[in-house]
Amino acid sequence: MTTPNLPISTPADQLPQGVVPPSALGSATQDHSKAKYRTQAASRFPSQVNDTMAGNPANTSGPLGIINDLAAGLTANVANADPATIKKPSDLLPQATPFFSGLPLQKVFQLPLRILAGIIGGIPIIGDAVEDALAGWLLGVKDTADDAAESVVSVGTQVNYVQQVISLQSGMGVWETGPDRTGTPSFPFGLLNLPVITVSHDLYFDNDPSTYGMQRTDVEGTITALARIPTVAVTATSAPWSTVIFKSAAERKVLSWIAYKTGTVSTFHLDLYKLEEDGSTTFTGYSSPNLAGEVPVSLASIGWMQHLMDGASIVADLGEVYEVQFRMTGSGTVFLAGANFLYPVPLPGFRPYSSGSRRDPSTTPTPATIPTTTRDAMYTGPCPFVSIGIDVGQTAVPRFFFDDFNRSSLGTRWIRYGDIGISNNKVAYTGSVIANATAAMMHHQPLATDIFEAGADVSIDEEDIGIGIGCTSGLTSGVWLIVEDDGVSIDSGAYNSRTVRTPVIAPPGSGRYTLRRIRSEDDTHFLYQAYLGDPNATEPILTWADTGGLIAGGSGRRWLGLLARRNGLINPSGSADNWTAADISVIEP
């Protein structure tokens with residue numbers, strides 16, 4: 001900036017903002033410190049951001065401040081580097097190490113990187129060359145971020161950062177989008193929030209007039225109608241559809257919905273269609289893999305499901321309409337959270353005529369096209385809730401679960417198979433004292449990855465108490481750490497029909513037991529390791545290498561459980577307390 005109307009001797013405090021006196025030009029133009037760039041970038045954010053979950057960009061303890069501080073360091077590294085060594089985007093990579101090694105979670109912060117680079121300045125962005133180079137650098141520093149995720153505390157911290165950053169992605173409220181605020185929903189999420197209705201009333205009846213004459217007795221009372229989430233059913237012959245109209249242009253890859261199942265559900269898929277201007281609909285070619293194993297197993301455990309489209313995405317423009325078909329096979333039913341909208345005779349031409357539709361997929365699961373007349377006949381009132389969002393890493397967020405059982409009953413967090421429950425604030429077999437049976441319970445939500453662990457404070461007794469990981473829905477398969485007074489072993493199979501896979505060792509005593517699953521060093525199979533004490537500070541007491549791939553990974557095989565067995569009057573089960581489970585990242589065994 002030039003100031004032709006101001007003398008060179010003008011005091012600094014009388015100069016326009018951003019103008020420095022000649023005496024300060026040297027330090028101002030040569031100051032490429034991290035502190036300078038951090039302060040400069042923070043000053044360019046609007047003050048309103050301070051009141052959001054992002055926090056003040058100058059506060060290096062908050063989510064936005066962390067990124068701002070790391071990006072300032074990256075800019076300072078580049079600015080202070082020898083110009084002769086930086087001639088192309090790949091030359092920036094050695095300067096970027098502090099940025100990526102400092103990130104609490106890599107994927108979530110890739111999105112703000114370009115924004116901050118532009119705000120701070122000093123990083124030349126030519127097309128996508130720099131961004132691509134930095135994305136490639138992520139692979140080289142993966143081990144650093146993985147190490148930070150090994151402990152339960154780290155997992156919880158990462159989840160917190162992700163939740164805060166995701167909250168910045170959208171200006172829409174949770175009442176409209178549901179918890180994924182990057183999403184565009186089939187209808188506002190708040191319409192599923194039904195009130196509980198209580199009706200007060202008086203009742204009266206006449207006593208026997210032959211004995212007492214005509215008499216009236218008043219009885220006062222109330223009727224409470226307990227509201228529960230409304231659902232739309234999916235069967236083998238009935239596939240509901242949800243229609244989503246996009247109000248902004250973006251690339252979207254994440255589908256979110258709420259579901260549970262009953263009976264036998266062999267397969268469960270989501271298929272993506274695009275509604276054309278003439279009212280016909282066209283299959284995009286994308287169907288999800290079989291998600292039947294991921295669906296919660298009862299109304300009490302109804303929960304969120306998310307799917308990240310693999311190798312495909314929705315690149316929709318403003319006003320474009322996409323549709324999701326929910327279909328299944330099997331004799332059971334999948335229930336989706338949804339609403340039943342009024343569906344009068346539609347106004348001709350104003351398509352879509354309704355948010356919900358339905359068809360029979362049993363003969364042709366995914367027709368390439370559905371003509372206008374056939375498509376018009378599919379519209380109906382019931383519509384499943386589905387949100388289609390932007391991928392900011394939400395489906396890859398490590399999950400962490402904890403239960404201290406400090407209550408009288410298991411509640412809706414667990415699905416019981418047999419007589420297992422809470423006794424004295426611990427999990428144990430709670431059936432008949434003369435029973436000879438094994439019971440189990442499954443957590444209502446699975447983990448997100450194939451590398452994980454679960455643990456509990458175990459009190460040893462005469463019969464089994466067990467920790468299960470890598471289970472299928474219903475606990476019909478999995479890996480179990482079994483502890484009882486006669487020994488400790490790693491078993492596989494159903495909770496009530498297991499095969500011992502390791503030597504049975506003498507129990508080293510009650511304490512904190514953990515069962516961990518990681519990949520082998522040559523990445524050919526899973527290793528299961530049992531620990532007593534801190535698994536990050538002790539050696540495993542048992543290891544089973546599943547070289548035959550008996551327990552597969554992937555979707556539908558990440559459920560968690562606890563089991564307990566009683567064998568007669570004098571052989572009660574052990575007990576478990578303070579149960580935890582978490583996705584972890586352990587590269588080497």
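Is Asn77 buried, partly exposed or exposed? I looked it up first. Asn77 counts as partly exposed, at 27% relative accessibility. My cut-offs: buried means under 20% relative accessible area, exposed over 50%, and partly exposed in between, with a 1.4 Å probe and protein chains only.

**Ground rules**

I am working with a predicted model, where local features need pLDDT of at least 70, side-chain atom pairs count only at pLDDT 80 or more, and totals for chains, interfaces and linings use all residues. I number residues from 1 along each chain as its sequence is written, and side-chain values use heavy atoms, with hydrogens and water left out.

**Overview**

I noted eleven helices and 33 strands in the protein. Helices (H or I, at least four residues) and strands (E, at least two) are DSSP runs, numbered from the N terminus. Of the 589 residues, 46% are buried. The protein exposes about 27,500 Å², and carbon and sulfur atoms supply 54% of that area. Accessible areas come from the Shrake-Rupley method with a 1.4 Å probe; for residues, only the protein chains shown count as cover.

I then checked contacts, meaning heavy atoms within 4.5 Å. Among contacts with a separation of 6 or more, 69% join residues 24 or more positions apart.

**Helix α3**

I went back to Asn77, which lies in helix α3. This helix covers residues 63–80, 18 residues in total. From first C-alpha to last it reaches 26 Å, close to the 26 Å expected at 1.5 Å a residue. The expected span is 1.5 Å times one less than the number of residues. I found 15 of the 18 residues of α3 buried, so the helix is largely enclosed by the rest of the structure.

Lys34 is 43 residues away along the chain, yet the two C-alpha atoms are 8.2 Å apart. Lys34 turned up again in a network of salt bridges with Arg38 and Asp69.

**Salt bridges**

I count a salt bridge when a side-chain nitrogen of Lys or Arg is within 4 Å of a carboxyl oxygen of Asp or Glu. The structure holds 17 of them. I opened three pairs.

- Glu176 bridges to Lys247, with the closest N and O atoms 2.8 Å apart. The pair links distant parts of the chain: Glu176 is in helix α9 (residues 174–177), Lys247 is in the loop between β5 and β6 (250–252), and 71 residues separate them. Glu176 is buried at 16%, whereas Lys247 is partly exposed at 47%.
- Arg327 meets Asp271 at 2.5 Å, N to O. This pair also links distant parts of the chain, from strand β12 to strand β8 (residues 267–275), 56 residues apart. Arg327 and Asp271 are both buried.
- Asp491 meets Arg498 at 3.1 Å, N to O. Asp491 is buried at 3%; Arg498 is partly exposed at 24%.

What surrounds Ser242? I placed Ser242 in strand β5 (residues 239–245). Ser242 is buried, with a relative accessible area of 0%. Its side chain reaches the backbone oxygen of Pro384 at 2.6 Å. Leaving out residues up to four places away in sequence, Ser242 touches residues including Ser186, Tyr322, Phe326 and Cys383.

Val321 is in strand β12 (residues 321–329). Val321 is buried at 10%. Beyond four places in sequence, Val321 contacts Thr243, Val244, Ile245, Lys274 and Leu275. Lys274 is 47 residues from Val321 in sequence and 6.1 Å away, C-alpha to C-alpha.

**Backbone entries**

Most residues other than glycine have a negative phi, and most peptide bonds are trans. I logged some exceptions. The peptide bond from Arg351 to Pro352 is cis, with omega near 0 degrees. Pro352 lies in the loop between β13 (333–340) and β14 (356–359).

Asn424 has a positive phi of about 55 degrees. Asn424 sits in the loop between β21 (420–423) and β22 (426–429), and is exposed at 71%. Asn578 has a positive phi near 50 degrees. Asn578 is in strand β33 and is partly exposed at 26%.

Definitions and conventions:
Polar contact = N/O pair within 3.5 Å; in protein donor to acceptor, adjacent residues only side chain to side chain.
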